[in-house]
Amino acid sequence: MGYAGNSAYHANACFGHLPISTSDSLLTNSYLQIAVPTPLYQVFDYRARDAEALSVGVRVLVPFGRRQVVGVVIGRSDSTDVPVDKLRTVLKVLDDEPILPPALLELLNWASRYYHHPIGDVLASALPVLLRRDAPATLPRIECYRWLREPNHPVSARAHVQLYLLKRLTAASGEPVDAQSLSAVSRSWRKSLQPLIDDGAIERQDLDALPCNVSTDLPPVLLDEQMHAVSAIQCALGKFQPFLLNGVTGSGKTEVYLQCIAQALIRDEQVLLLVPEISLTPQLMNRFQRRVSGCMVSLHSGLNDTERLQNWMIAAKGHADVVIGTRSAALVPMPRLGLIVVDEEHDGSLKQQDGFRYNARDFALMRAQKQQCPIVLGSATPSFESLNNVTAGRYLELRLSIRAGGAQAPMLSLLDIRRQKLHEGLSERLLSAIGEHLEAGRQALVFINRRGFAPTLLCNDCGASATCKRCDAHMTVHAKRQQLRCHHCGADRPLPPACETCLSAELDFIGFGTERISNALQERFPDVPIARIDRDTTRNKGALEAQLQAATSGTARLLVGTQMLAKGHHFPGVTLVGILDADRGLFGTDFRSLEHMGQLVLQVAGRAGREAERGEVLIQTRNPDNPMLQTLVRDGYPAFAQAALTERKIAMLPPYAFVALVRAEATEPRAPHIFLDRIIDELSNWQGPDLMILGPAPAPMERRGGRYRAQLFIQAERRARLNACLKDLTAFIDKLPEARRTRWSIDVDPVDLF
Ligand code: ADP
Ligand code: ZN
Ligand code: ZN
């Protein structure tokens, strides 16, 4: 295996000589190359007693400086540059067989080179936390419960959790159900289960393998376009073929996934389904549980370390038939992998924003190619990259143009709010439309992508606004908690009774957030139950679940929320959607702002009218003449994307060019600039008409969390040239003394320029 850019280097050379016993130095002439989690772009040579017998891909415990760390064997060689007396020895071999199979290891190695991130850290990211330590890679016994008989003591109608558990276990008619799938209902589910166990109605039964799920529902008859999509994907099983499943919201994309999954399972293949964090709700798992017969596990941030290890092992050992997970699930070994689905492929959360900054969609594409299996990228608002890949003939596009189940596409219109009197940010026309829909017994949804009460607290006397002490940012007012909070670093302080600068009491709340909007709506519609859904109201386990349930069942008539509300949910009663802050996306600092605005507007709009009644979407704007906004509303996403893509082409921006961002930050304001200036000097030979380096420039928010940030923007006509330039850059940084004093990172294909 080649490790471009990662010259074999010796741990002792950095951290001083530690004596090793001379007796084993004669035993072997074969050396192991080991990836160790460090910020250094190197692999390290070690020796081991039976080096020849150790497979590539196993974990080993090695001395590293003064510490002991877990590394992964990634190669072997007969020679080493490290002097024999400085070579250190593997302390312990942790696995009998490779924890990361060769094909996946090669891909992770590719990703290390593509994203210019150290291989040791890439491999650590691919492992669950417990395996990054020296935990054994064994499949734990799986905690399960099964129903025995009706309880002797009847369950109170108010014991909701207990009733739910009983229903789930009864439905399995005595077959064991695993603890994880029961735990979604409530954090304290065990407490509710105990009385049923004491009663003798339920018993615990641990198993060696996860019980298989048995579907209960039959598939619907597919519409023509769905049928075409399913058969195209089915025909591609067993070979590499990327598909873009471009289907309007509610067109039955998930239904297509379900039927393709069934086909892959018939072939005894594993399926990987990647979804954005926010979509992986109990509702989604439930839908899959009703429809998929097979062993199913999920991987997401809500799992504890033990659960994560368990599910990871079930996938890696090939026991799981279907793995449903967020971003990092793209890195999990799946020996029988036969189909990959990436839902909401445009979603920014598929890109890791720190450390190993990979894009799970792009990694999954490489994986499908290596595995020779089809990959389906699904979206109602595909990323510009994917649309371009369709045009270039790299992806096959499958379209779903009508909503399944007979629902009509929602009607979008712009509400000009210039010179209008607004009631707490809401126009009279929007308010009366909400009133009409509520009166007709339907639900309305108001979207504002800002949480809190107001984004700014301003003094009318001196003009000062409350700012964060550690960031170049306003503090957001949270009214109910009587707090000012920074949404960038998490700092908070009590809401001051008077201006913090001049002590005047003339304070004004400027702008709107979900809290303020839902208060205003409550005042206007006092008897209507409102659900506010944002990160503040859904922090506790089960809270999001409860709010979504209220929204779906219709108990909540008015829904107010951030983008948490935008994605994937099906609220049957919602017929009106009001969008308050689309204008922000028109003038963002980021070249992707417009794309994201278009996607978000249509995703939110897609919540309207998903059943019999046609949905109406009203977009408040002060820019009703903006051509992009008009195109989006009048002609829809494909036309909008075409127009926006033309602008990207002229500006030589992705997908027509390849970009990377080099970020640097330090507590001293000049340090990041000095560091980046050194890089610019070093890279000056690379600059030319086909590669431009812009900067160093302060980050759009220069100071965050007490650190000053600057960045370089590298823009290249060809991928290979960008890659070569970055390789040169990392080699240089490795030797640069300033690199130790400055926090820096490389972001290839950034989605967020902040
Ligand atoms: P998407 O994933 O594109 O948002 P879904 O697969 O969730 O769409 O489908 C939207 C709604 O239409 C769901 O309630 C689903 O059960 C229903 N549906 C999907 N396909 C069909 C079909 N062929 N016949 C009837 N109903 C369908
Ligand atoms: Zn003041
Ligand atoms: Zn802050």
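This is a predicted model: local features need pLDDT of at least 70, side-chain atom pairs count only at pLDDT 80 or more; totals for chains, interfaces and linings use all residues.
View 1. Residues are numbered from 1 along each chain as its sequence is written, chains are lettered from A and ligands numbered from 1 in the order in which they are written, and side-chain values use heavy atoms, with hydrogens and water left out. C486 is buried at 3% relative accessibility, whereas C489 is partly exposed at 27%; buried means under 20% relative accessible area, exposed over 50%, and partly exposed in between (1.4 Å probe, protein chains only).

**View 2. The zinc ion (ligand 2) and its four cysteine donors.** C459, C462, C499 and C502 each supply an SG atom to the zinc ion (ligand 2), at 2.2 to 2.4 Å from it. Angles of 108 to 111 degrees among the four donor atoms make this site tetrahedral. The donor spacing in sequence is C-x2-C-x36-C-x2-C. Distant parts of the chain are linked by the pair C462, in the loop between β21 (456–459) and β22 (476–478), and C499, in the loop between β24 (492–494) and β25 (507–510), which are 37 residues apart. Helices (H or I, at least four residues) and strands (E, at least two) are DSSP runs, numbered from the N terminus. The relative accessible area of C462 is 37%, which is partly exposed, while C499 is buried at 4%.

View 3. Domain 5 spans 658–748 in the domain assignment of the chain, whose bounds come from an automatic or database domain assignment. Four antiparallel strands form an open sheet in the order β31-β32-β30-β33; two strands pair if DSSP finds at least two bridges between them. The edge strands β31 (691–704) and β33 (743–748) each have a single partner strand, so one side of each lacks a neighbour in the sheet. From one strand to the next, the twist averages 20 degrees. Strand β30 (residues 658–666) runs antiparallel to β33 and is joined to it by six bridges, with V662 bridged to I746. Helix α21 (residues 671–683) packs on the sheet and touches β30, β31, β32 (707–716) and β33, its direction making about 170 degrees with that of β31. Axes are lines fitted to C-alpha atoms, for helices over the stretch in contact, and angles run from 0 to 180 degrees between N-to-C directions; contact means heavy atoms within 4.5 Å.

**View 4. Strand β14 and its parallel partners.** Seven of the seven residues of strand β14 (residues 337–343) are buried, so this strand is largely enclosed by the rest of the structure. Strand β11 (residues 270–274) pairs with β14 in the parallel sense over five bridges, and Q270 has L337 as its bridge partner. Strand β15 (residues 374–379) also pairs with β14 in the parallel sense, over four bridges; here V342 stands opposite L377. A329, in the loop between β13 (322–325) and β14, is buried at 0% relative accessibility. Apart from neighbours within four places in sequence, A329 is in contact with L272, L274, L299 and R367.

View 5. P654 and P655 are joined by a cis peptide bond with omega of about 5 degrees, and P655 lies in the loop between α20 (637–650) and β30. H116, which is not a glycine, has a positive phi of about 50 degrees and is buried at 7% relative accessibility.

Note on methods
Donors are N, O and S atoms within 2.8 Å of the metal (3.2 Å for Na, K and Ca); water is not among the atoms, so sites may look incomplete. Four donors count as tetrahedral if all angles lie between 85 and 135 degrees; four count as square planar and six as octahedral if opposite donors are over 155 degrees apart and all others between 65 and 115; anything else is irregular.
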